[in-house]
Amino acid sequence: MNGMTRRELLAAAATASAGAFLLPTPARAREAVTLVAASRGAAYDIKVYNAHEWATVRLLVDYIIPKDARSGAATDAAVPEFMDTMLDLDPTMRPANRGGLAWLDHQSRERFGQNFVDASDTQRRQLLDLLAWPARAPKELSAGVAWFSSFRALTASGFFTSEMGVNDLGYEGNTPVMEWHGCPPEALARLGVRYP
């Protein structure tokens with residue numbers, strides 16, 4: 001990846017932006033979740049990503065969903081395994097996903113002289129801050145912003161369909177609600193909604 005030519009970079013940016021919004025169908029996501037859950041406890045065999053991409057994905061998903069007081073980070077929820085499995089199940093997602101990773105490395109090398117995984121935490125955050133807020137992003141980064149939005153959505157899909165993510169949401173499943181009192185007054189006040 002370090003020796004990427006301008007032509008290869010442009011191709012990566014084009015595929016990243018052209019396929020940026022390729023997200024899994026619900027059926028593919030369920031299939032990926034099932035396959036990843038079945039492999040828990042065993043060493044994961046990477047199917048699509050190369051070693052460098054795998055390291056980048058593992059780092060990047062934890063910037064998107066870090067560990068907090070409620071639950072673990074995206075890697076704790078096997079999000080990289082989910083993503084790799086999705087790319088294995090749906091090869092049409094590969095060019096945009098992998099092209100975006102190459103684009104991210106190129107941007108990091110242009111700014112900091114090293115790939116994203118080798119940059120400092122401060123440098124990584126600086127680059128991600130340029131991509132994370134589409135309305136504020138420089139126009140020349142629009143392809144990367146589109147890719148990052150797609151990557152972030154895939155990260156969230158992987159996390160919130162995992163057991164950890166479902167628990168993080170507090171989802172109770174098919175639990176009957178015996179009595180409904182409506183939206184709590186403090187939530188209505190926070191939203192600026194008045195209800196008699």
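1. A helix here is a DSSP run of H or I that spans at least four residues, numbered from the N terminus. Helix α8 covers residues 163-169, and L169 is found in it. Keep in mind that this is a predicted model.

2. Start at the surface. L169 has a relative accessibility of 55%. Exposed means over 50%, so L169 counts as exposed. Together with F160 and Y171, L169 forms a nonpolar patch on the surface. The accessible area of the three together is about 340 Å².

3. Helix α8 also holds D168. D168 forms a salt bridge with R70, and the closest N and O atoms are 3.0 Å apart. R70 lies in the loop between α3 and α4, so the pair ties together parts that are 98 residues apart in sequence. The two partners differ in cover. D168 counts as buried, at 12% relative accessibility. R70 counts as exposed, at 63%.

4. How many salt bridges does the count come to? The count is four. Side chains of opposite charge can pair when their charged atoms come close. Another of the bridges joins D121 and R125, at 3.0 Å from N to O. Both residues lie in helix α6, four residues apart, which is about one turn of the helix. D121 is partly exposed at 37% relative accessibility. R125 is partly exposed too, with a relative accessible area of 46%.

5. D88 pairs with R94 in a salt bridge, with the closest N and O atoms 3.8 Å apart. D88 is partly exposed, at 35% relative accessible area. R94 is partly exposed as well, at 26%.

6. Now look at helix α4, residues 79-89. Is α4 mostly covered or mostly open? The helix is mostly covered, with 10 of its 11 residues buried. Among the buried ones are F82, M83, D84 and L87.

7. Leaving aside residues up to four places away in sequence, M83 touches Y49, V57, V61, F151, L154 and T155.

8. Last, D45. D45 sits in the loop between α2 (26-39) and α3 (51-64). D45 is exposed, with a relative accessible area of 60%. D84, by contrast, is one of the buried residues of α4. D45 and D84 are 39 residues apart along the chain, and their C-alpha atoms are separated by 9.7 Å.

Notes
Residues numbered from 1 in each chain as written. Predicted model: local features only at pLDDT ≥ 70, side-chain atom pairs only at ≥ 80, totals over all residues. Heavy atoms only, no water. Helix = DSSP H or I, 4+ residues; strand = E, 2+ residues; numbered from the N terminus. Buried < 20%, exposed > 50% of the residue type's maximum accessible area, 1.4 Å probe, protein only. Contact = heavy atoms within 4.5 Å. Patch = residues over 30% accessible without salt bridge, like charges linked within 9 Å, V, L, I, M, F, W, Y side chains within 5 Å. Areas by Shrake-Rupley, 256 points an atom, 1.4 Å probe, with all protein chains shown as cover. Salt bridge = Lys/Arg side-chain N within 4 Å of Asp/Glu carboxyl O.
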